[in-house]
Amino acid sequence: MKTPTARVDKLLGSLGYGSRQEMARMGKAGGIELDGVEITDVSKRIAVTPNLPERMTVDGRPLDPPQGIVILLNKPLGMTCSHKEDGALVYDVLPSRWRRRDPAISTIGRLDKETSGLLLMTDDGDLLHRVISPKKHVAKVYRARLARPLAGNEVALFASGELMLEGDDRPLKPAELEVLSPTEARLSVTEGRYHMVRRMFAAVGNHVEALHRERLGGLALPAELAPGDWRLLTPAEIDQIFA
Ligand code: URA
């Protein structure tokens, strides 16, 4: 594939560093370097390679990663997956400049405010659609703590492909339930309907007290990533989602 190129001022603008005028001023002042050489004319086109952050500095610091990032967040309780609601948002954990990136960073699917665990964010629209597309069958695996003991029929009911959720017009695709204790279960689903896990347990007369996403496809939430912590996924980890 051909390496994309971009004007330095446009590239930096798309990464949230500032307007063309601000980038022109920064360039003239010697604040932008590629391979140790100042770029004073920010209209210059450069190749946008994934290793640019190792070769380019802005104000003495490595360039932010160019477009095509996937962020893995261990979402803590109490944060909302939204760009505009009041209160704590998942995007607040990222550097503030990243809020001004174009294309914007969005969550890949959503977790409720009171759900914790594995959440991905990306600026790659194609990847986002591949992960959430029902055709790709990417499993989402949750651990749920329930208010009441399981009745015993839930495994078969969830696997049946016949469970109807209140307000929906078609049954759920088969889902896999693993009983861990009378009030704890691991649930693997391939759809992404609104409040789906909570509504599934409500449909069998139970109530989810705590919900945590452990896994997305072949990618597990790493044990060392504390709630609220995030990091970029490597290309191999991105492939793991579809493994
Ligand atoms: N199902 C839910 O009910 N909530 C989530 O956050 C994710 C799946």
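How far apart are the mean positions of the positive and negative charges of the protein chain? They are 4 Å apart, for 34 positive and 33 negative charges. Here Lys and Arg count as positive and Asp and Glu as negative, with His and the chain ends not counted. The place of each charge is NZ of Lys, CZ of Arg, CG of Asp or CD of Glu.

Okay, some ground rules. This is a predicted model, where local features need pLDDT of at least 70 and side-chain atom pairs count only at pLDDT 80 or more, while totals for chains, interfaces and linings use all residues. Residues are numbered from 1 along each chain as its sequence is written, and side-chain values use heavy atoms, with hydrogens and water left out.

Now the overall picture. The protein chain has seven helices and 15 strands; helices (H or I, at least four residues) and strands (E, at least two) are DSSP runs, numbered from the N terminus. Of its 243 residues, 42% are buried. Buried means under 20% relative accessible area, exposed over 50%, and partly exposed in between, using a 1.4 Å probe and protein chains only.

Let's go to helix H2, residues 20-28. Met23, Met26 and Gly27 are buried there. Looking down the axis of H2, those buried residues fall within an arc of 100°, so they line one face of the helix. That arc is taken from the directions from the helix axis to the C-beta atoms. Turned away from the buried side, you'll find exposed Gln21, Arg25 and Lys28. And what do the buried residues of H2 pack against? Helix H1 (8-14), strand S2 (32-34) and strand S5 (56-58), with contact meaning heavy atoms within 4.5 Å.

Two of those partners sit in a sheet. Four strands form an open, antiparallel sheet in the order S3-S2-S5-S6. Its edge strands are S3 (37-38) and S6 (61-62), each pairing on one side only. Strands count as paired if DSSP finds at least two bridges between them, and S2 and S5 have three. Leu34, for instance, has Met56 in S5 as its bridge partner.

Last stop: strand S12, residues 184-189. In a regular strand, side chains alternate between the two faces of the sheet. In S12, Ala185, Leu187 and Val189 make the covered face, and Glu184, Arg186 and Ser188 the uncovered one. Strand S10 (140-146) joins S12 through six antiparallel bridges, with Lys140 opposite Val189. Strand S11 (176-181) pairs with S12 over five bridges, also antiparallel, and Glu176 stands opposite Ser188. S11 and S12 form a hairpin, with two residues between them.
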